[in-house]
Amino acid sequence: MGGPIHWVLVLLALGVVLGAALGISCLFCRAYAALLDAPLLRVKSIEIRGTVRLNRKTVLDTLGVPKGTSMLRLRLDVLAQRLERLSWVKSAQVALDPSGRLVVMIGERKPVAVVMGARPLLMDEEGWLFMEVKVESYMELPYVTKVGSRKPALGERVPEAFLEVFHELLRALKGVSGLGVQFVSEILWDPLEGVSIYANPTGTRIHLGNGDFLLKMQRMRRALREVERRMGAAALDGLQAMDLSYPDRAYIQGRFQKGQGV
C-alpha cells in the first residue's frame, strides 16, 4: 500500500483539504455575520393592518421586534403565534416587504354579546368566550344571563344550538322597525323552553320560545298597539310579561286599570 513517503503525502493532502474546509467555513460564517449586519436587510418600519380594538403599542410589545432588527433573524411563524395569544386576535399573519417593512395582518374578534359565566365574558361571532369584561363597559351589546343549565367558562364555546338561536334573534330585532338590539336588556336561553328576553326600558319579560322570532316580534308590536288602543298609553307602563311562544296568539300579563281581554 506504499511506504512512509506515501503516507506522508496522504496526511499532507488530508491536512490541506481539512484546512481548506475550515477556511471556507470561517469565510461563510463571516459572510453570514456581515449579511446579518447589512443595512439593506434590517427592519425599517412595521405596518399593522386589521386592528379596531387593539392599539398599536400592544401589538408592537407582543411582537418584540425592535426597529433595525435583521430580517434574517426573524421567525415569521413564531411572531404570528405570539400575536394569536392575545385575547382579541382570532388570526394573525406576518410578512416581510423587500423594502424592509414588516407587515402584520390581524383578524380581530368581533364581540356580539356579553355572556354571564362565573364572570361576564365577551362572546365573538363564532360563539367563543374570549375575555373577561365589565358589563358596564359593553352596554351596547346584548347581555346573555343564561345559556342552558350550566355557566360557561372563559375559553369555551357556547352550544351551537344557542348560537343559531342568538343570531336569528338579532336578525329579527333588526328586522322590525323601532326595535333593534337596544330593545333587549337581557337574554335567557333554555334548550327546551327556548328564549326569553327582558325589554328596555320597562323590564317586561317576553317569552319567545323557539324559532320564528321575526313573526313573533311583529305579533308583539300588534299586541302592544292593541293594548294602547284599548287602555291608553299609560297601560304599557303596567305591562309585566308577554308570552309569544304560541303560533297564533299573545298572552299578556300586567297591572291594568281595565280588565278587558286583548
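**A close look at the aromatic cluster**

Reply: Start with three residues, Phe162, Phe166 and Trp189, which together make up one aromatic cluster. Keep in mind that what you're looking at is a predicted model.

How do we decide that rings belong together? Two rings pair if their centres lie within 6.5 Å. By that rule, the count comes to four aromatic pairs. Take Phe162 and Trp189: their ring centres are 5.6 Å apart and their planes sit at 55 degrees, so this pair is tilted. To be edge-to-face, the planes would have to be over 60 degrees apart. This pair also links distant parts of the chain, as Phe162 belongs to helix H4 (residues 160-175) while Trp189 belongs to strand S8 (residues 184-190), 27 residues apart. And if you're wondering whether these two are buried or exposed, both Phe162 and Trp189 are buried.

Now hold that up against another pair, Tyr246 and Tyr251. Here the rings are 5.2 Å centre to centre with 65 degrees between the planes, and the pair is edge-to-face.

In soluble globular proteins, nonpolar side chains tend to be buried together. In this model the largest nonpolar core has 38 residues, and Met123, Ile197 and Met217 have the most contacts inside it. H4 gives this core its largest share, eight residues. Zoom in on Met217 and you'll find that, leaving out residues up to four places away in sequence, it touches Leu169, Ala172, Leu173, Val176, Leu179, Ile197 and Leu208. Apart from that core lies another one, of 27 residues, with Ile48, Leu83, Val89 and Ile106 among them.

Leu83 is in H3, where Leu79, Arg82 and Leu83 meet Val59, Thr62 and Leu63 in H2. Two packed helices are described by the angle between their axes and the distance between the axes. For H2 (residues 56-63) and H3 (residues 76-84), the axes come within 9 Å and cross at roughly 130 degrees. H2 and H3 are therefore oblique to each other, and their crossing is right-handed.

Note on methods:
Residues are numbered from 1 along each chain as its sequence is written. This is a predicted model: local features need pLDDT of at least 70, side-chain atom pairs count only at pLDDT 80 or more; totals for chains, interfaces and linings use all residues. Side-chain values use heavy atoms; hydrogens and water are left out. Rings of Phe, Tyr and Trp (its six-membered ring) pair if their centres lie within 6.5 Å; planes under 30 degrees apart count as stacked, over 60 as edge-to-face and the rest as tilted. Helices (H or I, at least four residues) and strands (E, at least two) are DSSP runs, numbered from the N terminus. Buried means under 20% relative accessible area, exposed over 50%, partly exposed in between (1.4 Å probe, protein chains only). A nonpolar core is a set of buried Ala, Val, Leu, Ile, Met, Phe, Trp, Tyr and Cys residues joined through side-chain atoms within 4.5 Å. Contact means heavy atoms within 4.5 Å. Axes are lines fitted to C-alpha atoms, for helices over the stretch in contact, and angles run from 0 to 180 degrees between N-to-C directions. Angles under 35 degrees count as roughly parallel, over 145 as roughly antiparallel, 65 to 115 as roughly perpendicular and the rest as oblique. A crossing is left-handed if the near helix is turned anticlockwise from the far one by less than a right angle, and right-handed if clockwise.
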